[in-house]
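Please keep the sequence and the 3D view at hand while reading.

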Amino acid sequence: MSELLCREATLVDLPHIIALLADDTLGKGREDITSGVDDRYISAFRAIDASPDQMQTVAVLDGEVAGCMQLSFLLGLSFHGAWRGQIERVRIASELRGTGLGRQYVAWAIERFRERDCRLVQLNPHKSRTDAVRFYVSLGFEATHEGFKLAL
């Protein structure tokens, strides 16, 4: 496999990111770029890009976007005012899953959190993503909490 380049995303990467988000069982019902990238995606990307505590990233292999994830840096009062890192919306191109690319990409993300002195890294894969849950457990993550959501 070629060398993986992980970096902050640019607006040019946005159509590739949305395509990756749409390329899974849950995402195909949420994302749609058949008529192009609409203003809501662009607005959200710009807000993420402008925040010092958010980072939309891509993994690039052979010059092509092969993965995406969003990193959030969260400050809280717990643990004496410690930072924590939140990993969201991790996707690897379907044809590249199982190649070790995801393992490299998450390791890169963890290093970004270490650079910002985060005390822990957390993520919340959907319960239906059993392969993802197994993957994160293999990386040393523990299922310590039960997550809840309320659609508005």
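## A first pair and the basis of the model

Val60 stands opposite Val65 in strand 3, where strands (E, at least two residues) and helices (H or I, at least four) are DSSP runs numbered from the N terminus. The model is a predicted one, in which local features need pLDDT of at least 70 and side-chain atom pairs count only at pLDDT 80 or more, while totals for chains, interfaces and linings use all residues. Residues are numbered from 1 along each chain as its sequence is written, and side-chain values use heavy atoms, with hydrogens and water left out.

Five strands form an open sheet in the order 1-2-3-4-5, with mixed pairing, two strands being paired if DSSP finds at least two bridges between them. Strand 1 and strand 5 are the edge strands, each pairing on one side only. Direction ignored, neighbouring strands of this sheet are turned by 25° against each other on average; the axes behind such angles are lines fitted to C-alpha atoms, for helices over the stretch in contact, and angles run from 0 to 180 degrees between N-to-C directions.

Strand 1 and strand 2 run antiparallel and are joined by five bridges, and Cys6 has Ala59 in strand 2 as its bridge partner. Strand 2 and strand 3 also run antiparallel, joined by eight bridges, with Thr57 opposite Met69 in strand 3. The pairing of strand 3 and strand 4 is antiparallel over eight bridges, and here Leu74 stands opposite Arg84 in strand 4. Strand 4 and strand 5, by contrast, pair in the parallel sense over five bridges, and the bridge partner of Trp83 in strand 5 is Cys118.

## Covered strands and the core

Seven of the eight residues of strand 2 are buried, and this strand is mostly covered; buried means under 20% relative accessible area, exposed over 50%, and partly exposed in between, with a 1.4 Å probe and protein chains only. Strand 3 is largely enclosed by the rest of the structure, because nine of its 12 residues are buried.

The largest nonpolar core has 35 residues, and those with the most contacts inside it are Met69, Leu71, Ile87, Leu96, Leu101, Tyr105 and Trp108. Such a core is a set of buried Ala, Val, Leu, Ile, Met, Phe, Trp, Tyr and Cys residues joined through side-chain atoms within 4.5 Å. Among the elements that each supply at least two residues of this core are strand 1 (4-8), helix 2 (39-50), strand 4 (83-92) and helix 4 (101-115).

The buried residues of helix 1 are Leu14, Ile17, Ile18, Leu20 and Leu21. Because they cover an arc of only 160° around the axis, they lie on the same side of helix 1, the arc being that of the directions from the helix axis to the C-beta atoms. What covers these buried residues of helix 1 includes helix 2, strand 2, strand 3 and strand 4.

Helix 4 lies across strand 1, strand 2, strand 3, strand 4 and strand 5, and runs at about 30° to strand 3.

Cys6 counts as buried at 15% relative accessibility, and Cys68 counts as buried at 0%.

## Two residues with positive phi

Asp62 has a phi near 55°, a positive value in a residue other than glycine. Asp62 is placed in the loop between strand 2 and strand 3, in a hairpin that has two residues between these strands. At 59% relative accessibility, Asp62 counts as exposed.

Phe79 likewise has a positive phi near 55° and is a residue other than glycine. Phe79 is found in helix 3 (residues 78-81) and is partly exposed, with a relative accessible area of 37%.

Methods:
Contact = heavy atoms within 4.5 Å.
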